[in-house]
Amino acid sequence: MTRQTQLLHPHKEPARVLPAATVLLLRDGPQGLEVLMTRRSMTASFAPGAYVFPGGGIDAADTLAHPHAKRRATQSDLHLTQAIAAIRESFEELGILLARHTHGQMANAADIAALDRHAAPVDFAAQCAARGLTLAADEVFVLAHWITDRDLPRRFDVPFLVARMPDAQTPVADEKEQFEPVWVRPADALARHAQGNFFIIYPTIKTLERLQSYTTVARVLADCASEQPWFTSCPRAGWLGGKEARYMEHEQPFGELALTCPDGQILHHLDWVTDQPVLLLKNVQRLTAPNPGVMTGPGTNSYLVGDPDTGYAAIDPGPADLEHLDRLWRAAGGHIRYIVCTHSHPDHSPGAAPLQALCAEHGHKPPILGLASHASARAHSAFTPDRELNDGERLVLQGRDVTHTLRVVHTPGHAANHLCLVLEEDGLLFSGDHVLNGSTTVIDPPDGNMNDYLNSLDKLLVACQEDRIDFILPAHGYVLGNLWDEPHDARACISHLKTHRLKRESKILKVMQTQPDGSMDDWVKLAYDDVPPRLWPMAMRSLLAHVERIQSLAS
């Protein structure tokens, strides 16, 4: 766990989360799936003026109404309460009533007219029962689960539920909380929002994006049969291009926002810059080299670990770009104690010697540390450190009141001399090229080896468990990880990466079996048919690594 003393911003307690429920009422329209949306009051305390799905807070009466509702055998008590709340709210706000008579007929206009839409929540179920109606909670399914962003003053823990719109009913807004009910296709709602005349908020946008590929209500409901939400998200926000930008857990910037602003403060800038360091913690800075490209993404990340009292370890000085190295030296105030290369590829290690020379000009010559390149490395990846690091060795930056300890983890696979570093006190993993954000590591034989790569992933999983690693700082891309205890933490990132590799290998094996006489050119087109053809030359390298592993396992 990251030390509180190293966080960039003071702790800010997020607002308390309140339970709520929202329901997407769907119908099959003439041009495809449609969803019912209404405009919130301009004076509403949450999302004023936004087009939303009907819903609201869960009341204690919703739990007491269980005896008046029909449920599925697999529907939990919690999901039943949420369904009842959504039924009640859609009735109060839009006059839509998901309830059935004992003979099975859905409530009709006469039933709705006989009920008081403005009655207290505690009276809702009793009113329905007196009319001979049972709440159709068994026809309400869980679609998604949202927790309001930590930065907002009003927060809700809200399932987005889904149900088929009753045929014989017409939505009528209460003209207090909701206005202008409208049926709209998800894609059209998103298009109108983009044009600026249909305001919807982030969770609504993301939910509609997931729905827009569906053509019928039946297909949506079928995909909700598991009783589990399609996703659970508590988004995070930062600044990008001068504007607020929000991200879900699976999106690339999420982990970086979790590390820099764990309490949800909107203070971190996500724009990639090469002319200045980016503070990730008080004791961790990132400087990105100006070498963006297909292989390097936004550029190679150099990291400075330490503080003015302890001195700094410079991790992956990058290419021999003198301006980048000068910025690295200045960000450390010239107090660089170690220069560490995770491996010897030309976008990582060539800057080590000139950075060392720059330090020496000012009276101090830090050692260049790492592992020497093997004979299998390509000529441009030749590298000899001043001293080789041992697996498990610790580099200690000691100050008067604080210590920063980097432990070496030898992780061959991407390169035979690849290593990662664990910042023990803060639960951070500097992963070099072994784990990346936004791209897949290329395994290029003979120096790259797929079997070694997968074994090294297992080794990192053990380190994550033992060192409680929450975040991964890769050589390319944003920080990976999450502090919300959802399945997107450091371990999950590595597990997902291994699963992805093994799925790809399974696909390659099937291609090899169906086309045993095919060439590598033939195989790459089939095994990487989900990858743009322009990337096939790079994919060919990893294909070869997988083929070698498959053949070794078969022998």
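**A guided reading of the predicted model**

Leu544 has its place in helix 14 (residues 536-554). Helices (H or I, at least four residues) and strands (E, at least two) are DSSP runs, numbered from the N terminus. The model is predicted, so local features need pLDDT of at least 70 and side-chain atom pairs count only at pLDDT 80 or more, while totals for chains, interfaces and linings use all residues. Residues are numbered from 1 along each chain as its sequence is written, and side-chain values use heavy atoms, with hydrogens and water left out.

Leu544 has a relative accessible area of 33% and is therefore partly exposed; buried means under 20%, exposed over 50%, and partly exposed in between (1.4 Å probe, protein chains only). Apart from its neighbours within four places in sequence, Leu544 is in contact (heavy atoms within 4.5 Å) with Pro445 and Met520. Pro445 is joined to Pro446 by a cis peptide bond, with omega about 5 degrees. Pro446 lies in the loop between strand 23 and helix 11 (450-467). In general, most peptide bonds are trans, and most residues other than glycine have a negative phi.

Two strands pair if DSSP finds at least two bridges between them. Strand 23 and strand 24 run parallel and are joined by four bridges; Phe430 stands opposite Leu473 in strand 24.

Phe430 and Leu473 are also among the residues that line the largest cavity. On a 1 Å grid over the protein atoms alone, a cavity is a set of points where a 1.4 Å probe fits but cannot get out, and a pocket is an open set with protein on both sides within 12 Å along at least five of seven lines; lining residues have an atom within 4 Å of a point. The structure holds one cavity of 30 Å³ or more, and about 40 Å³ of space lies in the largest cavity. Grid points are joined across faces, edges and corners, and a volume is the space filled by probe spheres set on the points. Strand 23 gives the largest share of this cavity's lining, three residues.

The second largest pocket has a volume of about 950 Å³. It is lined by 42 residues, of which Arg40, Phe46, Ala47, Phe156 and Ile201 are the closest to its centre. Strand 1 supplies the largest share of the lining of this pocket, five residues.

Asp151 is placed in the loop between strand 7 and strand 8. Its relative accessibility is 17%, so Asp151 counts as buried. Leaving aside its neighbours within four places in sequence, Asp151 is in contact with Lys12, Arg246, Gly264 and Ile266. The side chains of Asp151 and Arg246 are joined by a polar contact of 3.0 Å. A polar contact is a pair of N or O atoms within 3.5 Å; within protein, one must be able to donate a hydrogen and the other to accept it, and residues adjacent in sequence count only if both atoms are side-chain atoms.

Glu175, in the loop between strand 8 and strand 9 (178-184), has a positive phi near 60 degrees. Glu180, found in strand 9, has a positive phi of about 50 degrees although it is not a glycine.
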